Structure formats: structure tokens, C-alpha cells
Amino acid sequence: MKLTLRIWRQASPDAKGKMKKYVLDDVEPDMSFLEMLDVLNEKLVLDDEDPVSFDHDCREGICGSCAMVINGTAHGPQKNTTTCQLHMRHFADGDTIDIEPWRAKAFPVIKDLVTDRSAFDEIIKAGGYISVNTGSAPEAHAIPVDKVSADDAFDAATCIGCGACVAACPNGSSMLFTSAKVTHLGLLPQGQPERATRAINMLAKQDELDFGGCTNVGACHEVCPKGIPLASIAQLNHDVLGATLAGARSD
Amino acid sequence: MVISPQRNIVSRTWGTSVGKKSVMAVTGGIFLLYVIAHMIGNLKIFFGIETFDAYSQHLREIGEAIFGYEGVLWLIRLVLVTAVVLHMWAAFSLWARAKKARPIGYQHRQSWQGSYAARTMRWGGVIIALFVIWHILDLTTGTVNPLGGDESAYLKLVASFDRWYVALFYIVAVVALGFHIAHGLWSAIQTFGANSALKQHALKTFSYVVAAAITIGFAIVPLSVMTGLVR
């Protein structure tokens with residue numbers, strides 16, 4: 001396959017970036033998208049050029065590193081698929097492919113396609129956990145969990161924190177991410193003691209970090225590689241409004 | 001873990017993006033109920049000039065013994081104006097927040113993700129707001145009506161829609177209203193946390209049906225004047 005790539009190149013956080021064009025002649029349809037970029041980078045190194053920086057780690061769709069917007073869609077054209085699991089057979093010979101970093105004030109570009117997503121860590125630190133004393137693990141069957149809650153909590157727990165929801169959201173909101181965490185922990189018995197304060201604190205942190213507000217457009221769910229349901233956001237809203245009305249506070 | 005120090009319920013609600021959305025959902029619900037009542041009133045046009053004008057007069061006389069002439073009408077107006085202010089305030093605040101959240105946009109135009117109705121909420125809302133100003137000047141105060149303010153409500157309506165561009169603007173505005181309700185009603189349900197993965201399809205369908213019914217219910221009046229059904 002012959003491909004024309006237009007990739008966002010930006011030398012440093014403060015440098016002015018621009019789209020740069022590259023032509024690749026020898027792309028195999030069986031390559032993953034990241035392998036295709038590896039081929040490009042090998043070529044760039046041989047040509048004494050700076051290779052394209054991009055995040056990647058597991059390359060099996062579970063780490064959430066491979067953040068890039070491909071032709072205007074976060075993680076590219078295949079639904080429920082991370083960039084690393086996207087294969088070149090989904091593109092045609094002669095295609096031009098635009099590759100850009102996530103765009104959000106809370107995710108500043110570090111270099112090329114690499115963004116700083118530690119804002120998500122801040123949201124997690126605000127309440128994305130349960131407080132338990134460490135020690136020997138209790139018997140797993142001691143606390144009953146009904147099947148529906150277990151399934152829904154697990155669906156939400158599959159969130160890998162890649163940030164595609166923010167990248168796709170016309171409001172630049174991280175609502176799907178935050179709501180996945182709130183839903184995951186809020187549906188399980190172990191998450192109940194901190195349920196109200198978790199929802200309020202995680203949302204407050206999200207608002208504080210310059211993420212936009214959710215307007216229920218649904219673009220996040222469309223690009224989410226894990227298919228986190230939009231209803232997670234309803235769960236977050238439910239917990240936030242309930243906690244607000246009840247006057248929940250954690251100090 | 002330190003929670004924000006906002007202790008009173010107003011600042012705790014207004015201070016978060018979800019709180020602002022809930023204000024928009026409540027005020028939007030007020031508009032929706034009003035718009036349905038308004039549409040039912042409009043449809044009396046098909047029962048002739050006497051029924052329509054009597055209805056218009058009746059609106060001014062409801063609860064007169066307690067609230068005085070036009071008292072209830074002014075109460076409704078007060079509620080609506082308050083709701084408009086809060087709805088638009090929250091909307092512009094979230095709009096500004098969204099602009100701030102993505103200072104640098106994408107080079108490749110984003111593919112169409114999410115519904116058309118959802119994407120047109122903001123400009124659709126602006127169109128509806130401009131229309132409402134015109135609509136009040138036309139049919140309430142009569143400032144821009146060919147017959148002026150003191151004529152029969154029925155005759156003012158017919159005279160207004162006899163201008164094709166006014167009828168067209170009206171239809172465009174109610175279509176915009178339809179899109180606004182199609183997303184707004186579902187979005188309000190989601191904001192109150194009543195959505196679930198199982199119910200989502202049904203809730204969206206419900207919102208689209210309500211929106212379509214309201215759009216048709218309003219658009220049928222100018223269409224009837226244009227086609228000569230209502231004279």
C-alpha cells in the first residue's frame with residue numbers, strides 16, 4: 001500500500017506545531033497502525049530526521065497509551081478499537097491519513113503526538129478509589145453482589161483511561177472517564193461509604209482542571225475503545241445531584 | 001480529601017458543570033410544559049375566530065378574582081423570564097467553558113459523532129431566542145403586526161402569516177425548536193440520572209416523538225394560513 005501521512009509535528013510544549021507530509025510506499029495491510037508508524041520512524045532515522053514521537057506500551061488494547069486522532073476520529077475508523085489494534089487493512093491504497101494529538105487544554109502536547117494526560121491522575125486522586133485498611137484479603141464471597149450490579153460495574157471498570165472521550169467531545173469534557181470510575185465503584189458494596197463524596201469531588205476536580213462540561217452529545221461513547229455506555233454519565237449525574245441535595249461533605 | 005467550601009445549596013449546585021446542567025434541565029422542563037400548553041391553545045385557530053378570541057380573552061381572566069385581570073398571565077411571564085435568564089446563563093457559561101477546554105482545534109475536521117440535534121443546541125437556541133423576540137413584538141404587543149396591537153388575536157395571526165417571509169421564519173423557528181427539544185428532553189432525563197443502557201433507546205425515541213409532535217402542532221398553523229385553510 002502507498003500512503004500519504006500528514007502528521008502533527010511539534011518539537012516541544014511551547015513550540016509552534018504544524019502538519020507535515022510523509023509518503024510511505026511499503027505498507028502491508030496486516031500491519032497495525034503503530035507498526036506503520038514504526039516503519040515511518042525507521043525511515044526518518046535513516047534519513048537523519050527526528051522520528052515522530054507517539055505514546056504506546058502494551059500494543060494489545062488494554063493500557064490506553066496509544067492516543068491519536070486519525071482523520072478526525074479518536075483511535076481511527078474502527079469502533080471499539082484502540083489505535084494499536086487498528087490494522088492498515090481498514091485503509092485503502094493511495095489514502096491520505098491525518099494524524100493529530102488529543103486536543104484539550106487539560107492535555108497539553110509534550111511533543112508531536114504525545115500529550116500529558118496526568119489530569120486524569122488528578123481526577124482519580126480526587127476520589128477514584130475505596131479506602132480500606134490493608135491486610136489479609138477478606139473472603140471474596142463474604143459480601144454478596146447482585147449479578148446486574150456486578151456486570152454494570154465491570155463494564156464501567158473496563159475503562160482504560162486513554163482520553164479518547166475528551167479528544168472527541170465537542171466540549172472537551174472528561175465526563176465519560178469520570179463517570180466510568182464513579183459507576184464502577186458506586187455500584188459495588190465496597191464503594192458505598194464514599195459514594196456521595198466521590199462523585200462530588202471527582203466532578204469538582206474535573207471542572208477545576210479545565211475540562212468542559214458535558215452536554216450529552218454522545219461523541220465520547222462513539223469513539224470509546226471499550227464502549228463505556230453513555231448511561232454511566234447518568235449514574236454520575238444521579239450521584240452528584242443526590243449528594244448535592246443531601247448536603248454531602250467529606251471533611 | 002478536601003471538598004470545595006461551598007456549603008449553601010445554591011452555590012453548590014451552580015458551582016459545578018452538572019449543577020448548571022440540572023438548572024438547564026429544570027428550566028427546559030418549564031419551557032416544554034409551556035410550549036405544549038401554547039400549542040394546544042394555537043390549535044383552537046381551527047375552531048374559528050370566536051373560539052380563538054374567546055380563548056385569548058380567557059387567558060387574561062383566569063384567576064381574576066384572586067390575581068386581578070391578566071394577573072395569572074403575568075405570573076406565567078415572570079416564571080418564563082426567570083427560566084429564560086437561568087437557562088441562557090447556564091448555557092453561555094457552559095459554552096464558554098467548552099471554548100476554553102479546547103483552545104487549539106483539529107486540523108482534520110472531526111467526523112460527525114453524536115446526534116445532529118445535540119450539535120446544534122447552541123445556535124439553535126440562539127435562533128429560538130431571536131424568534132421569540134420577534135414573536136412577542138408581532139403577536140403580543142403588535143408592534144410589527146400589520147394590524148397593530150388592539151385587534152382580534154385571530155385576525156392578527158392571519159394578517160401576520162399572510163406575509164410569506166414571516167410564516168417561513170416561524171416554520172424555521174419551530175423546526176429549530178423541534179431539534180432543541182429532541183436533544184433537550186433526552187438530555188434532561190440523562191442529567192437527572194434517569195437513563196440506563198437498557199432504557200436509552202426508548203428515551204431517545206420518546207424525545208424525538210414529542211419533538212416531532214410539537215413541531216407539527218406549531219407549523220400546521222402558518223401552513224394553514226398560507227394554503228388558505230384558515231382565513
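Tutor: Two residues are said to be in contact here if their C-beta atoms, placed from the backbone, lie within 7 Å. In chain A, of the contacts between residues at least 6 apart in sequence, 72% join residues at least 24 apart, and for chain B the corresponding value is 66%. This is a predicted model, in which local features need pLDDT of at least 70 and side-chain atom pairs count only at pLDDT 80 or more, while totals for chains, interfaces and linings use all residues. Residues are numbered from 1 along each chain as its sequence is written, and chains are lettered from A and ligands numbered from 1 in the order in which they are written.

Student: What makes up the secondary structure of chain B?

Tutor: Helices (H or I, at least four residues) and strands (E, at least two) are DSSP runs, numbered from the N terminus. By that criterion chain B has ten helices and zero strands, and its pattern along the sequence reads α-α-α-α-α-α-α-α-α-α. Chain A, by contrast, comes to eight helices and seven strands.

Student: How do you know that the length of helix 10 of chain B agrees with its number of residues?

Tutor: The expected span is 1.5 Å times one less than the number of residues. Helix 10 of chain B (residues 200-226) has 27 residues and should therefore span 39 Å, and its end C-alpha atoms are 39 Å apart, which agrees. Just after the helix, Gly228(B) takes a positive phi of about 85°.

Student: Which parts of chain B do the buried residues of helix 10 pack against?

Tutor: They pack against helix 2 (17-42), helix 8 (153-161) and helix 9 (164-191) of chain B. The buried residues of helix 10 include Lys204(B), Ile214(B), Phe218(B) and Pro222(B).

Student: What class do Asp210(A) and Glu208(A) fall into?

Tutor: Asp210(A) has 17 other C-beta atoms within 10 Å and is therefore partly exposed, and Glu208(A), with 14 of them, is partly exposed as well. Asp210(A) sits in the loop between helix 6 and helix 7 of chain A and has a positive phi of about 70°, whereas Glu208(A) belongs to helix 6. The C-alpha atom of Glu208(A) is separated by 9.8 Å from that of Ile123(A), 85 residues apart along the chain. Over whole chains, 50% of the 251 residues of chain A count as buried, and buried residues make up 29% of the 231 residues in chain B.

Student: How many residues does each chain bring to the contact between them, and what makes up the side of chain A?

Tutor: Chain A gives 48 residues and chain B gives 45 residues. Strand 5 (96-100), helix 6 (195-208), helix 7 (219-223) and helix 8 (231-246) of chain A each supply at least two residues of the side that touches chain B, and helix 8 provides the largest share, nine residues. This side of chain A divides into 20 nonpolar, 19 polar and nine charged residues, with Ala, Val, Leu, Ile, Met, Phe, Trp, Tyr, Cys and Pro counted as nonpolar, Asp, Glu, Lys and Arg as charged, and the others, Gly among them, as polar.

Student: What are the domains of chain A, and how many of their residues meet?

Tutor: The assignment, which is an automatic or database one, gives domain 1 (3-111) and domain 2 (117-246). Their C-alpha centres lie 29 Å apart, and 18 residues of domain 1 are in contact with 17 residues of domain 2. The side of domain 1 that touches domain 2 has nine nonpolar, seven polar and two charged residues.

Notes: A residue is buried if 20 or more other C-beta atoms lie within 10 Å of its own, exposed if 12 or fewer, and partly exposed in between; C-beta atoms are placed from the backbone.
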